[in-house]
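Biologist: I'd like to learn how to read a model like this one. Could you take me through a few features, with the general idea first and then the case at hand?

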Amino acid sequence: MTDGKDLKHVNEDLRKLLARAAFGRGNFEDLFIVPVFAVVAALVLGAVIMLATGVDLPTIGQSFVALAVGSFGSLNAVSETLTAAIPLVLAGLGLGLGFRAGLFNIGAEGQLLLGGTAAVIITFTFPSLPFPVLMLLGLLTGALVGAAYASIAGILKATTGAHEVITTIMLNLISFRLLEYILRQPYIQREGRSDPISKSVPEAGQLPRLLDWFDPNLRLHAGVFVMLLAVVFVWWLLFRSKIGFAFRASGANPDAARYAGMRSGLVIVAAMATAGALAGLAGASQVQGVLGRASPGFSAQMGFDAIALALLGRSHPVGILFAGILFGGLEAGGRQMQVDAGVSIDLIGIIQALIIVFIAAPLLVRAIFPWGFRKETKGGKA
Amino acid sequence: MSAVTTDTSAEKIASAKARQARITGGILIGLSLLVLFLLDVAASEVATFKLSRPRDAWVLPDLVVPGAFNTIAAALLAFLGVRQFLRGGGRWTSLSLGIGIALVIMAFLVWATAGKSFSLTGMLQATMVRAVPIALGGLAGVLSERVAVINIAIEGMLLAGAFTGALMGSLLGGWGGLVMAVLVGGMFGMILAALVVTFRMDQIIAGVVINLFVLGLTSYVTSQVFAEHRYLNNAEIFRSWKIPILGDIPVLGPTLFNQNIFVYGALILVAVATYYLFHTKGGLRARAVGEHPRAADTLGVDVYFTRYLHVTMAGMVAGFGGAWFTLGSVGRFDENMTGGRGFIGLAAMIFGRWHPVGALSAALIFGFADSLQQKLALLNTPIPSEFLAMAPYIATIIVVAGLIGKARPPAADGKPYVKE
């Protein structure tokens, strides 16, 4: 029989193991317990809000069941979860990279939109190219356009010191209008339509469905490989490459980094460009894998969800991967919830916002859930 | 240790100023070319600007501007640009750029109106109206940033005020809705203060979170509740009150003295805030907290309480500003109807050097850009309406990057304060 002492040893060993496995700083609580509690607290508050808007208890129960079933209750649900996770993880990786470099890239939404649109345009411009070439061309173009758009903010910050939060938000708003304009141009607009919708991505340019042979309804597409590759790439970039070290150093202490010879302006532009490239890639993969065309607002707030994601994943590629799957699950489950229980999917947005609140304020979570945490020793980090 | 050469401070400042002057000069020359080639108007054409409406007490004749104006404007711009480039420096940089932009706008108006007529008074009135949410947002920003709390959540607070104004306005009537909007804005201000001061969350993340939360909540209630119960989203609008005599002054009268409560409120709040911040003890303490909280703390100022108080007040101001969207404009709440104006308000605050009056002036400029975009769409200019709609956002970027450069925020901006 294990008595209290042995259990404590097991606990300590587990903590040590996780502390070794977790790269970078952050103790066990920060990396694991706080996110879990944050999600739970957010879901509970979501239920409270549903109650407050007149949804009755049975329906609330139905909603949560639908949420669970819709996210991983069947093969279709898992496929939907992963499909939704792909662009979220990609954009989240970009944002996490930015956070590590000390930059708040709120402009992921705009970079996503423009990257996706660029991918559509280039693929229907060269429909004669064969399968892998056209698809890769689309993805590459999306990444490049996203990178270019983000570097506007990066260059502005590097040369004039303009705060990237405001510039990226403004660039977002500009990109919405730009997209409306682009979608009305005769070259891009679909023939015979008067609404702003683009021509379709030709078959050779699409990311192929993976589980088509099993069940034609399963939407999981090859973008999942892009996503996994991106996770590995960002991990390598951040933790094994020189430039990643420059990013992290500038993020931790910009003055020290500059003293050590790292060109801060170059770091800012490079970090923003890489973040933008990942966001653009997210847009391209969404357009080439799921939507098949561009229309106003096709990004559906993915850029903003990615902010929550990056925070939830502690700006670490693996964390972001798991957070992305969670958010993908919330989205797939949310759609199911809307269908089954009739609760608007906007609730998911509220839950995501609450998750960030609890993530970014560990003190808040500790105040609500005092159990589950070691007693804070004096001089703990704020 | 290897020698690390650094410029002396004086050299650094001089070279930075010179670089800024060159950038400004370049911009002015570029604008001059823009006016000369893109905005050219035949010398024979005239642009007619209507200065008063038929029903006004004093009717002014129309302002008729000959097409040659644009050529003169281009010449002036070129002159200013070359001067900046070669000599540059100091206050002339900002002044030249300001004059330059004013010239470009005037030239643009002349170009757009050539051969047609354009109601200048109507445009000024619209400018005032559209500047209100931006000015109030900027004022909210000033109030919180003066105590060194970055407030990205202004957008969310505006949206919350708009939503509450519509909902409570439908239930309790206009005044009730207004009061509730102010209170709800204050509540979100207090939440931001709590997250940032007590729970020491990163200020930018806290702001972004509040924005996301308010957007999600208001969109959720709109689609879940308002769609079925339309009576909850049908508030009465505050009409304009004309101040007698003053309201009859040509041009200025309709602009300043024949507006609704939100315009008057904005002007009054800016005046009150200026007086409070710069001429009272309370304001002095607040600014001390923003510049050097440790010093203020040792002198007995309660830093935490001051921050809570001012961020809550900022929230209340933003709630009032948000109510403009519904109670002062359309009476109905639509999802995400603030459209980024909270962030433009932040830009106005930066442009206005963290001073209430500065923020108001900047807001007027942005309001002008906003109403210009609408009027020009009516005038059928060759520029697509989507690009005109982008104008306020591009203006914001230019403001945040170009003109400002070395504007100084309160010294402790963005840093949490931990009492020892």
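Modeller: Gladly. Let's begin with helix length: the expected span of a helix is 1.5 Å times one less than its number of residues. Keep in mind that this is a predicted model.

Biologist: How many residues does α11(B) have, and what does it reach from its first C-alpha to its last?

Modeller: Helix α11(B) is built from 28 residues and reaches 40 Å between its first and last C-alpha, close to the 40 Å expected.

Biologist: Where does α11(B) bend?

Modeller: A bend is read as the angle between axes fitted to the seven residues ending at a position and the seven starting there. In α11(B) the bend is about 40°, at Ala323(B).

Biologist: And what should I look for at the two ends of α11(B)?

Modeller: At the start, look at Asp302(B): one of its side-chain oxygens comes to within 3.3 Å of the backbone nitrogen of Tyr304(B). After the helix comes Gly331(B), with a positive phi near 80°.

Biologist: Is α11(B) mostly covered or mostly open?

Modeller: Mostly covered, as 20 of its 28 residues are buried. For chain B as a whole, 54% of the 420 residues count as buried.

Biologist: Now a single residue. Where is Val301(B) placed?

Modeller: Val301(B) sits in the loop between α10 (293-298) and α11 (303-330) of chain B.

Biologist: Why does Val301(B) count as buried?

Modeller: The cut-off for buried is under 20% relative accessible area. Val301(B) has 12%, so it is buried. Leaving aside residues up to four places away in sequence, Val301(B) touches Arg285(B), Val289(B), Ala296(B) and Thr306(B). Its C-alpha is also 10.0 Å from that of Gly282(B), 19 residues apart along the chain.

Biologist: Which class does Ile105(B) fall into?

Modeller: Ile105(B) belongs to helix α3 (residues 91-113) of chain B. Partly exposed covers the range between buried, under 20%, and exposed, over 50%. Ile105(B) counts as partly exposed because its relative accessibility is 25%.

Biologist: How far is Ile105(B) from Ala369(B), in sequence and in space?

Modeller: The two are 264 residues apart in sequence, and their C-alpha atoms are 9.3 Å apart.

Biologist: How many helices and strands does chain B have?

Modeller: Chain B has 14 helices and 5 strands. It exposes about 18,500 Å², with carbon and sulfur atoms supplying 67% of that area.

How values were computed:
Residues are numbered from 1 along each chain as its sequence is written. Chains are lettered from A and ligands numbered from 1 in the order in which they are written. This is a predicted model: local features need pLDDT of at least 70, side-chain atom pairs count only at pLDDT 80 or more; totals for chains, interfaces and linings use all residues. Side-chain values use heavy atoms; hydrogens and water are left out. Helices (H or I, at least four residues) and strands (E, at least two) are DSSP runs, numbered from the N terminus. Buried means under 20% relative accessible area, exposed over 50%, partly exposed in between (1.4 Å probe, protein chains only). Contact means heavy atoms within 4.5 Å. A polar contact is a pair of N or O atoms within 3.5 Å; within protein, one must be able to donate a hydrogen and the other to accept it, and residues adjacent in sequence count only if both atoms are side-chain atoms. Accessible areas come from the Shrake-Rupley method with a 1.4 Å probe; for residues, only the protein chains shown count as cover.
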